[in-house]
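Student: I have just opened this one and would like a guided look. Could you walk me through it?

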Amino acid sequence: MSYPEAKYRGDGGEVSAVLRSGDAEPELRIGAVSAAAYLATGATTGGQFGLYRWDMGPAPAGAAPHVHRTMSESFFVISGTVRFFDGARWFSGRPGDFVYVPEGGIHAFRNESGEPASMLILFVPGAPREEYFETLAAVARGERTITPEELRDLQLRHDNIMV
């Protein structure tokens, strides 16, 4: 394995770092307790990756088993207990645990602990996941209805292949 081709060809560097303050409001709220902060979207990283902080309330919630054809997904548990599915079994992730799912890997996650949980979710490359998250959140909040056909189209458009 080697380093990829250089994207920056200058000698002195440039001022280009971006700060998102830890006390910034999350971009997405799902119900009264759960929220997602868009730390770095594919749009802000030039498609290199997308990084999200996913804060879940105590009520059971999460993603059903699915795969992605075009991107890997990684999870880092910050707090609480998150249940993960690897296609064969469910296991508990606790603070400091990291889960990597390559393209095509069956996976799911849920907070079933009855306590809040928080994790980072990393997509590589940085696909535009925000519309997918925002549509599902609007449905969960009762602000929008979606037919089974519309849901399937949304999932396929955003590389969520349900299994």
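Tutor: Let us begin with tyrosine 100, which is partly exposed because its relative accessible area is 48%, where buried means under 20%, exposed over 50% and partly exposed in between, with a 1.4 Å probe and protein chains only. Please keep in mind that this is a predicted model, in which local features need pLDDT of at least 70 and side-chain atom pairs count only at pLDDT 80 or more, while totals for chains, interfaces and linings use all residues. Residues are numbered from 1 along each chain as its sequence is written, and side-chain values use heavy atoms, with hydrogens and water left out.

Student: Okay, and where does tyrosine 100 sit?

Tutor: Tyrosine 100 belongs to strand 8; strands (E, at least two residues) and helices (H or I, at least four) are DSSP runs, numbered from the N terminus.

Student: Which residues form the nonpolar patch on the surface?

Tutor: The patch consists of Phe76, Ile78, Phe98 and Tyr100, with about 400 Å² of accessible area together, an area that comes from the Shrake-Rupley method with a 1.4 Å probe, only the protein chains shown counting as cover for residues. Strand 5 (72-79) and strand 8 (98-101) are the elements that give two or more residues to it. Patch residues have over 30% relative accessible area and no salt bridge, with nonpolar side chains (Val, Leu, Ile, Met, Phe, Trp, Tyr) joined within 5 Å and like charges within 9 Å; a salt bridge is a side-chain nitrogen of Lys or Arg within 4 Å of a carboxyl oxygen of Asp or Glu.

Student: How do strand 5 and strand 8 pair?

Tutor: They pair in the antiparallel sense over four bridges, and two strands count as paired if DSSP finds at least two bridges between them. Within this pair, glutamate 73 stands opposite valine 101 in strand 8.

Student: What sheet do six strands form?

Tutor: Six strands form an open, antiparallel sheet in the order 1-2-3-10-5-8. Strand 1 (28-30) and strand 8 are its edge strands, each pairing on one side only.

Student: Switching topic, what does helix 1 lie across?

Tutor: Helix 1 (residues 130-140) lies across strand 1, strand 2 (34-40), strand 3 (50-56) and strand 10 (117-124), and runs at about 35° to strand 1. For such angles, axes are lines fitted to C-alpha atoms, for helices over the stretch in contact, and the angles run from 0 to 180 degrees between N-to-C directions; contact means heavy atoms within 4.5 Å.

Student: And which residues are buried in helix 1?

Tutor: Glu130, Tyr132, Phe133, Thr135, Ala137 and Ala138 are buried there, and the buried residues of helix 1 pack against helix 2 (148-157) as well as strand 1, strand 2, strand 3 and strand 10.

Student: Where is the cis peptide bond?

Tutor: It joins valine 124 and proline 125, with omega about -5°, and proline 125 lies in the loop between strand 10 and helix 1.

Student: What about the sheet of five strands?

Tutor: That one is also open and antiparallel, in the order 7-6-9-4-11. In the hairpin of strand 6 and strand 7, which has four residues between the strands, glycine 87 takes a positive phi near 100°, and phenylalanine 84 stands opposite phenylalanine 91 in strand 7.

Student: Last one: is aspartate 159 buried or exposed?

Tutor: Aspartate 159 counts as buried because its relative accessibility is 10%. Its phi is near 55°, a positive value in a residue other than glycine, and its place is in the loop between helix 2 and strand 11.
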